[in-house]
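Here are my notes after a look through this one, point by point. Have the structure open while you read.

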Amino acid sequence: MPSHKRIPTSGRFHRRAIPHDTNTHGITARQVYQSLGYQDWRNFDALVMRVSQLIRHGQCCGSISKTTSIVAIGSGAVRAVPDYVLDQDAVSAITFAASSFKANVHLVRRNETVILSLLGKWCHGRGLSFVHQYRTGGFIYDAFVGGRVLVEFDEPHHATRRQSQTDAKKDAAAFAANLAITRFTLEHDIIDVIRGIELAMEK
């Protein structure tokens, strides 16, 4: 069993560092990484560390513990290699992150269409309504999630004074309609977007 104490938290998120776990029962990262399309363990290891950071900061659920696995290296020889023990929440988070990261890797830069597509798939999986280009209060918003949260992506042109004034009016219209509004830039990862929407829906 892991030789660590669980860090108490408020809310539903499990925040824990990555302790060393000598118990190899359960799902390990090396059992799933190739099924997610990864051939190089180092690339997948970086993904696991990214998800671990999200868990540690309360941005998604899951438990990830360091361990070692025994692998064959030929001629009947074996060796111990670094690995992680994952609970089902961590597997789900890593699977989702893998699809997100791989979508972004194949583009020169992230764009609004890709992120909205991923967000729509997440909403469908959660049974939440998703409306692209939602109109209310005389304005059009990038998306409307769960009948409660308006989503806006601030691309570089939003830094201009004229666009900033328009954004302020859109924010005021959202509040007047008793709707939450959350804004992101294209630097945000899809997981950050989802977490922001979840927080807005909890208010």
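**Notes on a helix and some salt bridges**

1. Let's start with α5. The helix has 16 residues and runs 23 Å from its first C-alpha to its last, close to the 22 Å expected at 1.5 Å a residue. Bear in mind that this is a predicted model.

2. Which residues of α5 are buried? They are Gln163, Asp167, Lys170, Ala173 and Ala174.

3. On the face of α5 turned away from its buried side you'll find the exposed residues Arg161, Lys169, Phe175 and Ala176. Following α5 there is Asn178, which has a positive phi, near 60 degrees.

4. On to the charged side chains. The count of salt bridges comes to 10. A network of them links Glu152, Asp154, Asp167, Lys170, Asp171 and Arg183.

5. Take Arg183 next. Its salt bridge with Glu152 has the closest N and O atoms 3.8 Å apart. Glu152 belongs to strand β6 (residues 149-153) and Arg183 to strand β7 (residues 180-184), so this pair ties together parts that are 31 residues apart in sequence. As for accessibility, Glu152 counts as buried at 2%, while Arg183 is partly exposed at 23%.

6. Arg183 also forms a salt bridge with Asp154, and here the closest N and O atoms are 2.7 Å apart. Asp154 lies in the loop between β6 and α5 (161-176), with Arg183 in strand β7, so the pair ties together parts that are 29 residues apart in sequence.

7. One more pair deserves a look. What do the side chains of Arg50 and Asp192 meet in? They meet in a salt bridge, at 3.6 Å from N to O. Arg50 is in helix α2 (residues 41-56) and Asp192 in helix α6 (residues 190-202), so the contact ties together parts that are 142 residues apart in sequence.

8. Are the two partners in that pair buried or exposed? Arg50 comes out as partly exposed, at 25% relative accessibility. Asp192 is buried, with a relative accessible area of 17%; the cut-off for buried is under 20%.

Definitions and conventions:
Residues numbered from 1 in each chain as written. Predicted model: local features only at pLDDT ≥ 70, side-chain atom pairs only at ≥ 80, totals over all residues. Heavy atoms only, no water. Salt bridge = Lys/Arg side-chain N within 4 Å of Asp/Glu carboxyl O. Helix = DSSP H or I, 4+ residues; strand = E, 2+ residues; numbered from the N terminus. Buried < 20%, exposed > 50% of the residue type's maximum accessible area, 1.4 Å probe, protein only. Expected span 1.5 Å × (residues − 1).
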